[in-house]
Amino acid sequence: MNIILLGPPGAGKGTQSAGLVERHGMKQLSTGDMLRAAVSAKTPVGLEAKAVMDRGELVSDEIVSKLIDDNLAAMDAGTGAIFDGYPRTAAQGEQLDGILAKHGRSLDHVIELAVDVEALVERITGRYSCGNCGALYHDTANPPAKDGVCDACGSTEFKRRPDDTEETVRNRMEVYRSETAPILPGYEARGIVTRVDGMAGIDEVAGAIDAILA
Ligand code: AP5
Ligand code: MG
């Protein structure tokens with residue numbers, strides 16, 4: 001099973017991917033996470049991507065498609081892929097088709113997380129993650145069970161993303177509207193898009209996604 005989680009910044013792509021990995025043993029392929037890892041490691045890709053990401057603009061199609069290709073090449077053929085934050089442009093959509101074909105895979109579902117853009121600003125500016133294992137939290141909607149301690153690994157170190165300021169978030173929303181949303185009709189024409197209410201609670205959204213995959 002290979003699926004795309006599509007939705008604007010803060011729609012819950014990362015949160016829902018983590019649940020799918022846990023419940024179904026799929027692998028999350030988040031180009032945002034891969035790029036942030038490259039930035040931290042100061043690799044050539046990371047050095048090129050950092051300023052672009054800090055502005056909330058898009059890193060080149062070639063860079064992100066190569067990351068996806070390399071990751072799929074390293075994956076077991078039987079493990080399902082969750083594309084989180086990729087594809088984001090028409091060119092990436094075409095490149096993904098080629099990459100999937102090359103690895104003997106095909107796209108089963110595009111799940112659109114439909115959300116209210118204004119509410120997302122609040123979601124994103126309240127987001128933080130575990131500095132050790134990356135588990136995602138939110139100041140009010142999704143705090144750890146024990147204040148200041150990661151549910152997943154027990155770490156007490158947390159961090160916030162540098163591109164999670166209100167100004168950058170609004171730019172990322174605009175980039176989504178102009179570059180990414182236009183790829184949906186092409187998938188709709190293939191009959192593989194299902195829309196889920198991304199404003200529902202995290203568990204409810206997870207249930208709706210599981211119903212699609214069942
Ligand atoms: P990326 O990391 O992909 O960021 P994004 O698309 O802006 O999406 P986010 O990660 O902000 O949101 P999300 O949907 O994962 O939400 P989350 O689950 O965290 O990309 C970052 C940058 O990298 C881009 O701007 C670009 O520069 C570059 N990049 C990445 N991919 C690229 C590509 N393919 N091409 C070119 N450039 C690329 O949830 C958000 C918060 O809300 C969390 O705190 C969570 O706990 C909470 N929450 C989640 N669901 C719910 C819910 N149902 N109810 C209440 N709260 C919830
Ligand atoms: Mg994310």
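Residues are numbered from 1 along each chain as its sequence is written, and chains are lettered from A and ligands numbered from 1 in the order in which they are written. In this predicted model local features need pLDDT of at least 70, side-chain atom pairs count only at pLDDT 80 or more, and totals for chains, interfaces and linings use all residues, while side-chain values use heavy atoms, with hydrogens and water left out.

Trainee: What makes helix 4 roughly parallel to helix 5?

Mentor: The axes of helix 4 (residues 61-73) and helix 5 (residues 90-102) are 10 Å apart, at an angle of about 20 degrees. Angles under 35 degrees count as roughly parallel, over 145 as roughly antiparallel, 65 to 115 as roughly perpendicular and the rest as oblique, so helix 4 is roughly parallel to helix 5.

Trainee: Why are helix 6 and helix 7 called oblique to each other?

Mentor: The axes of helix 6 (residues 117-125) and helix 7 (residues 166-180) cross at roughly 135 degrees. That angle falls in the remainder of the scale, and helix 6 and helix 7 are therefore oblique.

Trainee: Which distances apply to Arg123 and Asn142?

Mentor: A polar side-chain atom of Arg123 lies 3.4 Å from a ligand 1 nitrogen atom. For Asn142, a side-chain N or O atom is 3.5 Å from an oxygen atom of ligand 1.

Terms used: Axes fitted to C-alpha atoms, helices over the stretch in contact; angles between N-to-C directions. Helix = DSSP H or I, 4+ residues; strand = E, 2+ residues; numbered from the N terminus. Polar contact = N/O pair within 3.5 Å; in protein donor to acceptor, adjacent residues only side chain to side chain.
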